[in-house]
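Here is a short briefing to read with the model open beside you. Let's walk through a few local features together, one topic at a time.

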Amino acid sequence: SEVLAPIRYVLINALITASVAIVMIVLLFVVFIRKMVKPLRKISEAAKKIAIGNFDVVVPVPAHDEIGALCESFNYMTHHIKARTTALVKSETIFKALFESNPDGIIIVNREGHIIRINKQGETMFGYTRDELVNNTIEVLVPERFRERHVKYRYGYFAEPRVRAMGECFGLFARRKDGSEFSVDIMLSPLYANTEMCVICVVRD
């Protein structure tokens, strides 16, 4: 036992040293993970707020390292998203005001011939409510005797879209909800929304 005592002593010291080293590594790992997770949790919480429309969020920058750079980039992105969203809302407000206050009836129709938008003057002119016309086909505003022909004209316009008057060589008539007809002038113009093409119809009675 006296011969093995020094070896036992060395082994015990080695085990103690190894245990201390393992504990220190675990503690450092925990500190490192907490240092990383906390900013990431802040970014996650901020992203959820942005998703519901709250752009007034700022993620604290913990240090000037990789995590700090990530937080700064997130704040930069949020600032620009807010600026662009504000500009978009402003543009939409201006467009809506111009669209609704126009003295002519304005109807926007998609490639399938469905009405996707109509202004107040258009409702008044044709005697329909907006809900009655949106998603209905444009042919509902055309006298019955012209409807079949109008479908062919509509396909032809989408094949070769350009700004032009409709029915340049003959008079045009439209049909109100009550079945009465009235003379109209119509201007057509293509409108590109993302990858979809629509047509703006400006109707004047």
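Predicted model: local features only at pLDDT ≥ 70, side-chain atom pairs only at ≥ 80, totals over all residues.

- Helix 5 covers residues 147-159, 13 residues in total. From first C-alpha to last it reaches 19 Å, close to the 18 Å expected at 1.5 Å a residue.
- Which residues of helix 5 are buried? They are His150, Arg154, Tyr157 and Phe158.
- Seen down the axis of helix 5, these buried residues fall within an arc of 90°, so they line one face of the helix.
- An α-helix has 3.6 residues a turn, so residues three or four places apart point the same way.
- Turned away from the buried side is a face that carries Glu148, Lys152, Tyr155 and Ala159, which are exposed.

**The largest pocket**

- The largest pocket has a volume of about 610 Å³.
- Its lining is made up of 29 residues, and those nearest the centre of the pocket are His150, Tyr153, Met166, Leu172 and Ile186.
- At least two lining residues each come from strand 1, helix 5, strand 3, strand 4 (172-175), strand 5 and strand 6.

**Asn75 in helix 2**

- Asn75 lies in helix 2, which runs over residues 66-101.
- Is Asn75 buried or exposed? Its relative accessible area is 17%, under the 20% cut-off, so Asn75 counts as buried.
- A polar atom of the Asn75 side chain lies 2.8 Å from the backbone nitrogen of Val59.
- Leaving aside residues up to four places away in sequence, Asn75 touches Val58, Val59 and Val61.

**Asn135 in a loop**

- Where is Asn135 found? It sits in the loop between helix 4 (130-133) and helix 5.
- The phi of Asn135 is near 80°, a positive value in a residue other than glycine.
- For context, most residues other than glycine have a negative phi.
- Asn135 has a relative accessibility of 61%, over the 50% cut-off, and therefore counts as exposed.

Methods:
Residues numbered from 1 in each chain as written. Heavy atoms only, no water. Helix = DSSP H or I, 4+ residues; strand = E, 2+ residues; numbered from the N terminus. Expected span 1.5 Å × (residues − 1). Buried < 20%, exposed > 50% of the residue type's maximum accessible area, 1.4 Å probe, protein only. Arc of directions from axis to C-beta. Polar contact = N/O pair within 3.5 Å; in protein donor to acceptor, adjacent residues only side chain to side chain. Contact = heavy atoms within 4.5 Å. 1 Å grid on protein atoms, 1.4 Å probe; cavity = no way out; pocket = protein on both sides within 12 Å on 5 of 7 lines; lining within 4 Å. Points joined across faces, edges and corners; volume = space filled by probe spheres on them.
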